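Hello,

Here is the structure you asked for. My notes on its inner spaces follow below.

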Amino acid sequence: MVLFLSAIMVFVLAACSGGESTNGDSKDAGKDKGASKDDKITLRIAWWGSEPRHDYTAEILKLYEEKNPNVKIEAEYASWDDYWKKLAPSAAANELPDIVQMDLSYFSQYAGNNQLEDLTPYVGKEIDTSNYNENIISGGMLDDKLYGFNTGVNVVGFHYDPALLKKVGVESIKEDWTWDDYQEIAKKAKDAGLYIDTGMKADVFFNYYLRTLGKSLYSKDGTTLGYDDDQMFIDFFTMHSGMVEKEYTPTPDFLAQLKGIEDDPVVTEDAIGIWQWSNQFVGLQQVADRPLEMHTMPGPGTKEGLYLKPSMFWSMASNSKHKEEAAKLIDFLVNDIEANKLTLGDRGIPGSSVVKEELKPLLSPEQVQVFDFVEAAEENSSAFDGPDPVGAGQVIELLDNLSEQMNYGQLKVEDAAKEFRQQADGILSQN
């Protein structure tokens, strides 16, 4: 038995030493095979989107393969609904693609399940952030870890027809306008037979209002609402529902009949403007087919309330076997000039100041308006609150329903404030 075991050990030791170089230098022994520039590496990447996004992303990945011959990229893409249906089982099996396009609504779920890698160790190394505003990078932070790199940002604001504004007797909107200024313009619009706008989406604009007061819709740990005083709810939604009651904005019934952007009162010249995200401006401009302008949010507290919203993220799967190479591809997607010339801001206004300047000569006048608007917001905004907590979808649906009831006059604002707190905190407490 001793002789037999001795013989086995000889073979084992021989096998272990077989990987060493012939000159006896073993300093590279045990290194990951992917570390060599000559070794072939396969990276998987997944995203959702339309056919144009699929086409230009495929061109970008081909460009990366040409510059990095040792890397082969396997692309997986689908429509929005199909994408998440496919991603969920891959995550459950710990087989996510190396890089995944991640949305705010799913970000906390995947990061919380330890399915996304912290990108912090790669920032400043594989991923260059030297031309980025800190507020752009921090958009992908959760619990002090960077689980996603911002593909681009959007900013909310008032998009309006300057000719219609003048028609109601207002030459221009003041740079530092307030909610009182907003309601004064609304009254003049009504007197001229126009709406001021088509209303505000409850969660987006209530959260903005809370931020102007130093609060937010959700607590930092996502287990409760982020404000304690229900008077904040009462003040905002008294104004919000009052706009409908005074006929400054359309009724829910009117809005329900709109079939698409072609029917929007701004397009049909029945309303001065619309509250929406910066990435929606170009589409509105094209359909309206006349000059439109963009203006920042009312104050006081505009800078504190305004934030750069990540349109989406590039995230790295924690199960990736080639993390450094995956980080290099993320850097290429967000920083390479030629790659971004193909994207042209489709995934949000690029975060890199260098990329933005390189793209401007290629943009339409409307796209330049958006780039300039977002660039100005970078210097006049505050840090993003972070991705919505798990359960936020239910909270938003609840708030939308309550807002509609208030707009119909079926629910008092004070009662809605109490109901919202009770139900929202019940949903969030499960976190």
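First, a term: Ala, Val, Leu, Ile, Met, Phe, Trp, Tyr, Cys and Pro count as nonpolar, Asp, Glu, Lys and Arg as charged, and the others, Gly among them, as polar. The model is predicted, so local features need pLDDT of at least 70 and side-chain atom pairs pLDDT 80 or more, while totals for chains, interfaces and linings use all residues. Residues are numbered from 1 along each chain as its sequence is written, and side-chain values use heavy atoms, without hydrogens and water.

Now the cavities. A cavity is a set of points, on a 1 Å grid over the protein atoms alone, where a 1.4 Å probe fits but cannot get out; lining residues have an atom within 4 Å of a point. Points join across faces, edges and corners, and a volume is the space filled by probe spheres set on them. There are two cavities of 30 Å³ or more.

The largest cavity holds about 130 Å³. It has 14 lining residues, and Thr151, Leu333, Val334, Asn340 and Thr343 are the closest to its centre. β6 (149-154), α13 (323-335) and α14 (337-343) each give two or more residues to this lining. The lining has six nonpolar, seven polar and one charged residues.

The second largest cavity has about 40 Å³. Val156, Val204, Tyr208, Trp277, Gly305, Leu306 and Tyr307 line it. Six of these are nonpolar, one is polar and none is charged.

Best wishes

Definitions and conventions:
On a 1 Å grid over the protein atoms alone, a cavity is a set of points where a 1.4 Å probe fits but cannot get out, and a pocket is an open set with protein on both sides within 12 Å along at least five of seven lines; lining residues have an atom within 4 Å of a point. Helices (H or I, at least four residues) and strands (E, at least two) are DSSP runs, numbered from the N terminus.
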